[in-house]
Amino acid sequence: MPSNTLPLPRTDAPHAGMPSLDASAGRTSWFEFAPPHLFYTPVALYCGWLSLRYLGPTLLTNCNPALPISGLVGESKFQVLSEVKGKARDLVPDYVSILRWGGEGGLDRTVDDATKAMEEAGLAFPIVAKPDIGMRGVGVQLAHSKDDLRDYAESFPAGANFMLQTLVDEEGEAGVFYVREPGEEKGRITSLTLKYFPRVTGDGKSTLRELILQDSRAGKLAHIYLDRHQKRLDHIVPEGESVRIAFAGSHSRGTIFRNGNDEITDAMTVAFDTIAKSVGEFYIGRFDIRFGDFDALKNGHGFKIIEINGAGGEQTHIWDSRTTLREAYASLMQQFGALYRIGAQNRRRGHKPTPLKELIRAWLGEKKLTKHYPITH
């Protein structure tokens with residue numbers, strides 16, 4: 001074996017348990033990676049109109065009274081997952097929350113706390129490390145050892161919390177967007193996003209860098225993948241070896257999204273309706289799940305909930321490269337219309353939206369934290 005060849009993670013069946021991808025998965029749409037401040041301008045204007053219509057600029061913070069700020073921004077992932085009650089808790093992988101201590105000896109104390117918490121909760125490596133506050137997969141890494149955990153903690157901002165969560169080692173991941181009006185007996189799934197982790201396959205001659213640059217899709221987004229793999233970019237990938245170049249199931253971090261709305265079933269809807277109701281006053285948001293068998297998911301079982309997003313979650317099927325801009329905006333307008341409508345209904349029921357000053361403080365706090373998070377894998 002050449003000296004510059006490095007054994008890399010291998011999976012003999014990429015996207016195992018998922019519907020197959022067609023050739024169009026290698027393409028990107030012209031607006032997929034547009035600057036957010038440009039893409040979301042029409043949405044912001046629409047929210048301004050909704051604020052006038054419903055007489056409440058922060059009504060979207062009133063749609064999920066069970067969650068802090070309805071899960072719009074700045075919420076604790078640990079706290080949100082802890083709201084899942086009853087039998088639905090069996091669907092949530094074990095997790096712990098760790099404070100990153102600062103000052104002299106702070107790193108050692110953080111690692112000691114994390115090690116002890118893992119032992120008490122029965123967690124083992126490899127394990128998922130991610131910020132307790134944050135969106136779009138920012139700062140998510142897979143720690144294979146205590147050394148990896150120490151590196152993660154060292155790069156994490158002091159005074160903030162991060163989570164350690166049991167790895168659901170399955171290829172299948174999806175985002176399930178759920179909506180239920182207050183007073184309705186049964187909710188509905190309005191969006192199902194299938195997430196595919198991009199891979200490159202070695203030829204025994206090319207380096208990982210070259211494989212990424214040569215790939216029809218990854219080559220267009222090379223800046224996303226090269227930074228996270230900088231330690232092994234110059235290593236030759238053995239022939240036939242499939243290398244996963246993204247771990248976090250986030251579109252902005254390079255994962256391929258596909259619209260799975262045609263695959264939504266009654267059994268799936270019943271399953272997520274039960275889960276949502278177990279949270280209490282939860283009416284709208286997205287469940288991020290992992291699974292090993294898509295047919296089982298369609299039958300309402302065989303999955304684990306890795307994260308719950310409230311008002312800040314999107315109907316992420318819009319990031320399918322086959323989606324038109326008109327379709328994307330139509331979905332977002334429908335989603336935000338539901339957020340304000342449900343918020344207004346909850347206001348009539350006695351719940352109060354978050355004051356604007358508090359909302360801005362939470363948004364600025366999250367924005368400040370995310371600048372200091374570790375690189376996403």
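These legends accompany close-up views of a predicted model. Residues are numbered from 1 along each chain as its sequence is written, and side-chain values use heavy atoms, with hydrogens and water left out. Because the model is predicted, local features need pLDDT of at least 70 and side-chain atom pairs count only at pLDDT 80 or more, whereas totals for chains, interfaces and linings use all residues.

**View 1. The largest nonpolar core and its contributors.** A nonpolar core is a set of buried Ala, Val, Leu, Ile, Met, Phe, Trp, Tyr and Cys residues joined through side-chain atoms within 4.5 Å, where buried means under 20% relative accessible area with a 1.4 Å probe, protein chains only. This core has 34 residues, of which F272, F287 and I289 touch the most other members. Among the elements that give two or more residues to the core are β5 (172-179), β10 (284-291) and α8 (266-279), and α8 gives the most, with six residues; helices (H or I, at least four residues) and strands (E, at least two) are DSSP runs, numbered from the N terminus.

**View 2. The surroundings of F272.** Leaving aside neighbours within four places in sequence, F272 is in contact (heavy atoms within 4.5 Å) with V176, Y178, I189, F287, I289, L297 and F303.

**View 3. An open sheet of four strands.** The strands follow the order β1-β4-β2-β3 with antiparallel pairing, two strands being paired if DSSP finds at least two bridges between them. Since β1 (95-99) and β3 (141-143) stand at the edges, each with a single partner strand, one side of each is left without a neighbour in the sheet.

**View 4. The pairing of β2 with β4.** Strand β2 (residues 127-131) and strand β4 (residues 161-166) pair in the antiparallel sense over five bridges, and V128 stands opposite Q165 in β4.

How values were computed. Buried means under 20% relative accessible area, exposed over 50%, partly exposed in between (1.4 Å probe, protein chains only).
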